[in-house]
Amino acid sequence: MACVRNPRDRTAWQLNLVLGLTGRLARSMRAALSTRLSLAGILGLVLLSGTHWAREAISNPGAPLAFALGVLPNLAAAFAMPLILASFLPSISDASPSTSTRRRFVLLLAFTTLGLCAWELIQTLSSRFYFDLNDLAATVLGATLAFGTYSWQGKARSKASAADGGGEA
């Protein structure tokens with residue numbers, strides 16, 4: 001891989017690596033925004049699945065790990081759901097980056113976040129499920145991370161589009 005000299009580029013490269021794409025690979029493949037959003041959402045689903053596996057595999061977790069295993073499903077779901085749904089909506093994932101596109105994503109994000117928060121609040125009425133304020137906080141944090149990921153990927157698309165003279169990123 002080529003040496004990345006600019007610290008800003010290095011950070012962007014590292015984040016692309018976490019999502020499964022390097023900056024150069026994304027540009028050479030011309031990965032669509034819907035593909036990048038899907039990959040980020042799949043990363044959230046991997047975290048969700050891994051958390052459920054760890055809950056079953058670890059018999060006696062310490063307090064910090066038990067806390068993390070308790071809130072990570074909410075964080076992962078709030079992160080993955082809007083990104084995966086956005087990747088299926090052409091009005092969000094295939095449109096050029098704009099204020100209206102961002103507004104559509106924010107509405108989708110609000111819909112999924114409110115749905116997850118409503119589910120958590122419904123648990124106060126149930127004897128089978130347990131209500132936890134930390135789960136609400138994890139849901140909001142996951143939604144914030146999803147918004148950050150969408151904004152970052154939208155900016156990457158805008159930069160690639162500008163470099164191509166307005167072509168598809």
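Student: Hi! What should I know about the model before we start?
Tutor: It is predicted, so local features need pLDDT of at least 70 and side-chain atom pairs count only at pLDDT 80 or more, while totals for chains, interfaces and linings use all residues. Residues are numbered from 1 along each chain as its sequence is written, and side-chain values use heavy atoms, with hydrogens and water left out.

Student: How many aromatic pairs does the structure hold?
Tutor: Two, where rings of Phe, Tyr and Trp (its six-membered ring) pair if their centres lie within 6.5 Å. Phe-105 and Tyr-150 are stacked (planes under 30 degrees apart), with 4.0 Å centre to centre and 5 degrees between the planes.

Student: Where do Phe-105 and Tyr-150 sit in the chain?
Tutor: Phe-105 is in helix α6 (residues 99-122) and Tyr-150 in helix α7 (residues 133-163), 45 residues apart. Helices here are DSSP runs (H or I, at least four residues), numbered from the N terminus.

Student: Are Phe-105 and Tyr-150 buried or exposed?
Tutor: Both are buried, meaning under 20% relative accessible area (1.4 Å probe, protein chains only).

Student: And what about Trp-119 and Phe-129?
Tutor: That pair is edge-to-face (planes over 60 degrees apart), at 5.2 Å centre to centre and 70 degrees between the planes. Trp-119 lies in helix α6, and Phe-129 in the loop between α6 and α7.

Student: Switching topic, which residues of α6 does α4 meet?
Tutor: Among them are Phe-105, Leu-108 and Leu-109, with contact meaning heavy atoms within 4.5 Å.

Notes: Helices (H or I, at least four residues) and strands (E, at least two) are DSSP runs, numbered from the N terminus. Buried means under 20% relative accessible area, exposed over 50%, partly exposed in between (1.4 Å probe, protein chains only).
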